[in-house]
Amino acid sequence: MSTDAKTLSPRAVTWARRRQATRRAWDAYRVQRSGMVGLVLLGAIVLLAIAAPLLVSPADLSVTQATGGRMDPPSAGFPLGTDTNGRSVLALVLWGSRLSLVIGLTATVVAIVIGTLLGLTSGYYGGWYGWFTLRFSDWFMVLPSLVVAIALLAVMGRSVVTTIVVIAIVSWSGTTRLVRAQTLTVKSRPYLERARALGAGDWHQMTKHLLPNVLPLVLASATLLVPSAILMESTLAWLGLGDPTVISWGSILNEASNQGAVSARAWWYLLPPGLAILLVVLSFMMCGRALEAVFNPRLRGESS
Amino acid sequence: MTDSPSSGDEASQGNPAVRHKRAAGPSGRISSGFARYVLKHAGGAAVSLLLVLFSSFFIFRLVGGDPIDQLTSERPVSPEQRAAMRAELGLDKPMWNQFTDYITGTLTGDLGESFQYRRPILELMLERLPATLLLSGTGMVLAVALGFWIGARSGWKPGSRFDRTQVGTSLLLYSTPTFWLGMIIILVFARYLRLFPVNGMRSSSTPPELWPQALDIAHHLVLPVLTYTAVVYAGYLLVMRSSILDEVGADYLTTARAKGLRDDDVRRKHAVPNALLPSVTLVFLALGNVVNGSIVTEAVFSWPGLGSMFVHAIFYPDRPVLQALFVLFSASTIIAVFCAEILYWFIDPRIRRSS
């Protein structure tokens, strides 16, 4: 590195270092089998969700243009049978992946952005502001998230946007704590004192020194937030609090419950959406645990 | 759990038995410290509870819009009828008076009246509380026992076949949506195998004597408890497993082995008691879930508890019931966390030394 520094600009040195760090992280990630399995599964699911418009036509999803009977068992025309309206369950599940993934990812991104902003500023500025944000996130963390989500959705009305907002509201607090703790650790290191002595302002310190140090941990915790956001979305949709005009795995199962699919023993109608949720959540969990092991050395060798 | 002490560095302080004795300490000095500690945390809990109360009013009365609109959305009503309903529900008063009425009412145990049943909410809650406590209490005891037992064995031999299958299974169940697991369990055990009732807590055909009734309720309880336990136990397993992992290499375990103890005894009598601290804290933190953790399970099985009362209230919409249950559910976790903090004083000597 020291020889590079003579010939390269500071920016190039930084990027070379970051590339190296990424490669090291990837090497530590790659050796974890469950993490790789999760990554491959996730890649396949995302591809299917992106390709869904090619595989499923709008007519397959329309209640009025359905061609099958009411809850028909699997057949050649309908590999996974039909729902109460005669639509193909396979088409519904393929289409539902889009909404479940979009809501899970968007809600997580919103939650992570709020959490990182609050945590970073809280740890950096400290004082009464730091105290207040810490207490506030503590308070949020204690509240039962499903109860808060149900209460908020019940008064805010049902749409994709309110679902995302509500899930973000109940999930930002953990990230705030995590980022705040990491910020406090990094802040006390000598190189930040050096940066301050050289005249670095608040903005420079936060964006150039603190944020890059916090981001890997945030990434790992975000990967573990997505599955809980997806589970939360499907639970809310199953309870009937989802957007009534769109198809998600939770809303398919909501319809199935309301139309008595369990008493009709329509296993082909019940199994696929639930297994799809399970698969996505499990893949995110496997990736998240592997990432956590990469960035949190205390756990290394422990995760299976 | 990040700031819970890792038991690894405790172990190096020496024999665990000595540590426990020191923990008992001279009582005179401790009591003033204890009083300060309790007061500090009680103050925090009280502020949290008040915040819940304020935010419940804010969410349901200010964000939620006019309750009369929601109550009358299905049928046409004249302005006079609306005014009469408004007066009856106390909605004609200024917002500030409604707010103070609500706060003083809730603090004195008057939670208002349900729109749906036209009865005091407190009465409705007390009727439904036993069913919830029965379901989630049983489920929680089973989940803790199962999670701790498997977790301790799993962490004792990390990477073994037992460890891998157990951690894999618990992660799988942890990733399963509760409502779907419940539906599949009903499908298999109640619809196909016909071993258990589909839903509810009692059958109308059961004779009213004590024993037949108790057996009938137990029969109805099996599937909901199975669902609840299956989803919840993984958390306890993973915490117990990682606390045991922290202990595995400790010197006092080598000493215990050197004394000639069998492996099982080393685990049970030496490693597990030291690994209990974070796990027991988790149990206390989760005590609030005994009241609010079974919402989804109750909804799947139409179990007549507080959770299904909450879900039914969404769609009526029965705003006073939603509001009261929101406060109750949130308060139960706040109080559980407070209890966990108090418990910490007794089981973690370092807190006593620092205050």
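Visitor: What makes residues 129-150 of chain B count as helix?

Guide: In this predicted model, the span is 100% helix and 0% strand, and its end C-alpha atoms lie 31 Å apart. Helices are DSSP runs of H or I with at least four residues, strands are runs of E with at least two, and both are numbered from the N terminus. UniProt, in an unreviewed entry, lists 129-150 among the spans of the feature "transmembrane region" in chain B. Such annotations may be inferred rather than shown by experiment; their positions follow the numbering used here, and feature names are shortened.

Visitor: How much helix is there over residues 276-301 of chain B?

Guide: That stretch is 81% helix and 0% strand, with end C-alpha atoms 34 Å apart. Chain B as a whole has 17 helices and zero strands.

Visitor: What are the ground rules for numbering and for the values?

Guide: Residues are numbered from 1 along each chain as its sequence is written, while chains are lettered from A and ligands numbered from 1 in the order in which they are written. Local features need pLDDT of at least 70 and side-chain atom pairs count only at pLDDT 80 or more, whereas totals for chains, interfaces and linings use all residues; side-chain values use heavy atoms, with hydrogens and water left out.

Visitor: Why is B:Leu111 called partly exposed?

Guide: Buried means under 20% relative accessible area and exposed means over 50%, with partly exposed in between (1.4 Å probe, protein chains only). B:Leu111 has 22%, so it is partly exposed. B:Leu111 sits in the loop between α6 (95-107) and α7 (121-156) of chain B.

Visitor: Which residues does B:Leu111 touch, not counting those up to four places away in sequence?

Guide: They are B:Thr106, B:Ile121, B:Leu122, B:Met125 and B:Ala324; contact means heavy atoms within 4.5 Å. The C-alpha atoms of B:Leu111 and B:Leu325 are 9.7 Å apart, although 214 residues separate the two along the chain.

Visitor: Why do A:Arg265 and B:Arg194 get their accessibility labels?

Guide: A:Arg265, at 27% relative accessibility, counts as partly exposed because that value falls in the middle range. B:Arg194 has 62%, so it is exposed. A:Arg265 is in the loop between α12 (249-258) and α13 of chain A, and B:Arg194 is in the loop between α9 and α10 (210-247) of chain B. A:Arg265 has a positive phi of about 55° without being a glycine, and B:Arg194 likewise has a positive phi of about 55°.

Visitor: How do α13 (267-295) of chain A and α9 (178-192) of chain B pack?

Guide: Their axes are 10 Å apart, at an angle of about 145°. Axes are lines fitted to C-alpha atoms, for helices over the stretch in contact, and angles run from 0 to 180 degrees between N-to-C directions. The contact includes A:Trp267, A:Leu270 and A:Gly274 from α13(A), and B:Phe179, B:Trp180 and B:Tyr192 from α9(B).

Visitor: What makes a nonpolar core?

Guide: It is a set of buried Ala, Val, Leu, Ile, Met, Phe, Trp, Tyr and Cys residues joined through side-chain atoms within 4.5 Å. The largest one has 139 residues, and A:Leu270 and B:Phe179 are among those with the most contacts inside it. Helix α13(A) gives the most to this core, with 14 residues.
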